[in-house]
Amino acid sequence: MSERTFDVPVFVKAAEGGVQEVACLEDACRFLDAWPKHRRGVIYDTAKRACHRAFDGLVPLKAARDAFEGFARSAKILDDVSTAMPWMAGTKAGEAGSLAA
């Protein structure tokens with residue numbers, strides 16, 4: 001695992017309608033660089049600055065991850081992975097179907 005890998009990835013809604021995993025600082029920077037210029041603003045700038053400072057070792061990785069997550073939330077692209085991919089959520093005991101004898 002890279003020292004720039006997030007403890008918990010951020011999942012964002014992709015332009016194609018899917019879900020994109022942002023698992024590390026490089027992913028976050030790449031995503032922010034590709035973000036449309038006409039949709040950038042103060043929160044975008046804050047997230048980008050936090051990511052660059054984390055690259056330089058000036059802020060903790062968690063601060064950059066949290067800033068990216070805040071950007072995604074404000075842009076309404078933050079995705080709840082348990083909702084987006086229900087097969088990833090574990091089934092509770094007794095929920096699995098069984099065949100009747």
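This is a predicted model: local features need pLDDT of at least 70, side-chain atom pairs count only at pLDDT 80 or more; totals for chains, interfaces and linings use all residues.
Local features require pLDDT of at least 70 and side-chain atom pairs count only at pLDDT 80 or more, whereas totals for chains, interfaces and linings use all residues. Residues are numbered from 1 along each chain as its sequence is written, and side-chain values use heavy atoms, with hydrogens and water left out.

**Exercise 1.** Determine how many salt bridges the structure holds, and locate the one formed by lysine 48.

*Solution.* Step 1: apply the criterion, a side-chain nitrogen of Lys or Arg within 4 Å of a carboxyl oxygen of Asp or Glu.
Step 1: the partner of lysine 48 is aspartate 33, with the closest N and O atoms 2.4 Å apart.
Step 2: Lysine 48 belongs to helix H2 (residues 42-55) and aspartate 33 to helix H1 (residues 25-34); the pair is 15 residues apart and links distant parts of the chain.
Step 3: classify accessibility, with buried under 20% relative accessible area, exposed over 50% and partly exposed in between (1.4 Å probe, protein chains only). Aspartate 33 counts as partly exposed because its relative accessibility is 45%.

**Exercise 2.** Describe the salt bridges of aspartate 66 and arginine 65 and the network to which these residues belong.

*Solution.* Step 1: aspartate 66 pairs with lysine 62 at 2.8 Å, N to O. These two residues are separated by about one helical turn, because they stand 4 residues apart in helix H3 (residues 61-74).
Step 1: aspartate 66 is partly exposed at 34% relative accessibility, and lysine 62 is exposed at 56%.
Step 2: arginine 65 pairs with glutamate 69 at 3.0 Å between the closest N and O atoms. Both lie in helix H3, again 4 residues apart.
Step 3: at 12% relative accessibility, arginine 65 counts as buried. Beyond residues up to four places away in sequence, arginine 65 has contacts (heavy atoms within 4.5 Å) with Phe6, Val8, Pro9 and Val10.
Step 4: salt bridges link Lys62, Arg65, Asp66, Glu69 and Arg73 in a network.

**Exercise 3.** Characterise the largest nonpolar core and the contacts of isoleucine 77.

*Solution.* Step 1: a nonpolar core is a set of buried Ala, Val, Leu, Ile, Met, Phe, Trp, Tyr and Cys residues joined through side-chain atoms within 4.5 Å. The largest has 22 residues, and Val12, Phe68, Phe71 and Ile77 have the most contacts inside it.
Step 1: strand S1 (5-13), H1, H2 and H3 each give two or more residues to this core.
Step 2: leaving aside neighbours within four places in sequence, the contacts of isoleucine 77 include Phe11, Val12, Phe31, Trp35 and Phe71.
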